[in-house]
Amino acid sequence: MLPGTSLSAGTDLLHPGPMSRADAYARAAALTELGRKLFFDPSLSASGKQACSSCHDPHHAFGPASTAPVEMGGPHLDQPGLRAVPSLRYIQAVPAFNQHFYDSDDEGDESVDNGPTGGLTWDGRVDHGVDQAKIPLLSPFEMANKDAGAITANLRKAAYADEFRAAFGDTVFDHPDDAFDAAAEALGTFEQGSADFYPYSSRYDAFLAGKATLTAQEMHGLDLFEDEAKGNCASCHLSRPANDGEPPQFTDFGLIGVSAPRNPAIAANADPTYFDLGLCGPLRTDFKDRAEYCGLFRTPSLRNVALRKSFFHNGYFHTLRDAVAFYATRDTDPGHWYPKNTDGTVRVNDDLPKAYWPNLNQDPPFGKKPGDKPALTDAEIDDIVVFLGTLTDADQVAGAQAEK
């Protein structure tokens, strides 16, 4: 029986009801360890070769280890995804999706409507880790299970099946939908573990606590990152603790449009009529008729960003420096980033239909005209990139250095 419960074997434990504090902690600890086993189990995929950890590598801050813009999945691992895999670290702080988000007293001016904010995934279509965990299990280009019954059949054969029954009841496998929900709960609980998913152990965290120093270049990079007239990065990637002392998340969780160039390495983009429009589809469908939402994607946290090998929702960029430089020169030097037409003109915003260009963010450093002086020099871009390296968590540093 699950430690900390007082229910007899065979009782439904999927919804155990009120528990004492001690029982609740014990159940959370047990589900965390069970969820860990599920997370690393490739048998839960149709191919039998792909676990959650295959794309969310713990040695890469639970993001992808590969340089590919999207990962391959499906029953034969030959189906390409549509978007870059995000990190699962620090998602515990993401608020539920809201079309009209107002900052709390602890975060900022609560009179300002920040528009669509929050939700997990690039388009914010689910609010909780439990719901997010279900997506790859059933996605045809990820783990590709046909339905809850297929997942349950694999769970029944797993080495930890007895632990699963102890946690959720002896008859849980007799009810596939319940077993699927239970698996998602275990995964979601595992993804709430602080040591694995929100350690706040970076050198920048130590700097904020007065326990570490930054180099002169890193400090200059931080200043540029926060300067509204320079990088202005902190306008979306909040870099200072909240008034209540909560560590900075390096995101405001908002959904904005920045118009990353179209990535020809994504198979779906071979169709010239296909566009990934983020909040208004195709993976999210409830806002498909909201033109003002097309082209908006959730601002990711920059924690551990130096570990990534592809950037933005479509993985177009493969170096952090290019990602930062794109922000600085998207509008001043669009020909450097976007393809050219046969007549030599630049095909700006080539991954977003023109009807939706008004949705693109124009806050500094955006909003300039071609030929204008960019807000950041090459040396200043380098300094910001160096600063971003201080956001790597302590448990990730050794691995990052080994790959250099």
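Okay, hi everyone. Keep in mind as I go that we're looking at a predicted model.

Let me start with charges. Side chains of opposite charge can pair when their charged atoms come close. How many salt bridges does the count come to here? The count comes to 20 salt bridges. I'll walk you through a few of them.

First up, arginine 83 with aspartate 276. The closest N and O atoms in that salt bridge are 2.7 Å apart. Arginine 83 sits in the loop between strand 2, residues 79-80, and helix 3, residues 129-138, while aspartate 276 is in the loop between strand 3 and strand 4, residues 297-298, so the pair ties together parts that are 193 residues apart in sequence. Are these two buried or exposed? Both arginine 83 and aspartate 276 are buried. For arginine 83 the relative accessibility is 10%, which is why it counts as buried.

Let's stay on arginine 83 for a moment. Besides the polar contact with the side chain of aspartate 276 at 2.7 Å, its side chain has a polar contact of 2.9 Å with the side chain of aspartate 123. If you leave out neighbours within four places in sequence, the residues in contact with arginine 83 include Pro69, Val70, Trp122, Leu283, Phe297 and His313.

Next, arginine 89 and aspartate 395. This is another salt bridge, again with the closest N and O atoms 2.7 Å apart. Arginine 89 is in the loop between strand 2 and helix 3, and aspartate 395 is in helix 12, residues 394-403, so to speak a link across distant parts of the chain, 306 residues apart. What about accessibility for these two? Arginine 89 counts as buried, at 5% relative accessibility, whereas aspartate 395 is partly exposed, with a relative accessible area of 45%.

Then there's glutamate 380 with lysine 230, where the closest N and O atoms of the salt bridge are 2.9 Å apart. Glutamate 380 belongs to helix 11, residues 378-388, and lysine 230 to the loop between helix 9 and strand 3, with 150 residues separating these distant parts of the chain. Both partners, glutamate 380 and lysine 230, are buried.

Where is it? Threonine 251 lies in the loop between helix 9, residues 216-226, and strand 3, residues 255-256. Its relative accessibility is 2%, so it counts as buried. The side chain of threonine 251 reaches the backbone oxygen of threonine 299 at 2.7 Å. Setting aside residues up to four places away, threonine 251 touches Cys236, His237, Leu238, Thr299, Pro300 and Ser301.

Last topic, helix packing. Helix 1, residues 21-39, packs against helix 6, residues 176-190, at an angle of about 100°, and the axes are 7 Å apart. That angle makes helix 1 roughly perpendicular to helix 6. On the helix 1 side, the contact residues include Arg27, Leu31, Leu34 and Phe39, and among those of helix 6 are Ala183, Glu185, Leu187 and Phe190. By class, the contact has nine nonpolar, three polar and three charged residues.

Terms used
Residues are numbered from 1 along each chain as its sequence is written. This is a predicted model: local features need pLDDT of at least 70, side-chain atom pairs count only at pLDDT 80 or more; totals for chains, interfaces and linings use all residues. Side-chain values use heavy atoms; hydrogens and water are left out. Axes are lines fitted to C-alpha atoms, for helices over the stretch in contact, and angles run from 0 to 180 degrees between N-to-C directions. Helices (H or I, at least four residues) and strands (E, at least two) are DSSP runs, numbered from the N terminus. Angles under 35 degrees count as roughly parallel, over 145 as roughly antiparallel, 65 to 115 as roughly perpendicular and the rest as oblique. Contact means heavy atoms within 4.5 Å. Ala, Val, Leu, Ile, Met, Phe, Trp, Tyr, Cys and Pro count as nonpolar, Asp, Glu, Lys and Arg as charged, and the others, Gly among them, as polar. Buried means under 20% relative accessible area, exposed over 50%, partly exposed in between (1.4 Å probe, protein chains only). A polar contact is a pair of N or O atoms within 3.5 Å; within protein, one must be able to donate a hydrogen and the other to accept it, and residues adjacent in sequence count only if both atoms are side-chain atoms. A salt bridge is a side-chain nitrogen of Lys or Arg within 4 Å of a carboxyl oxygen of Asp or Glu.
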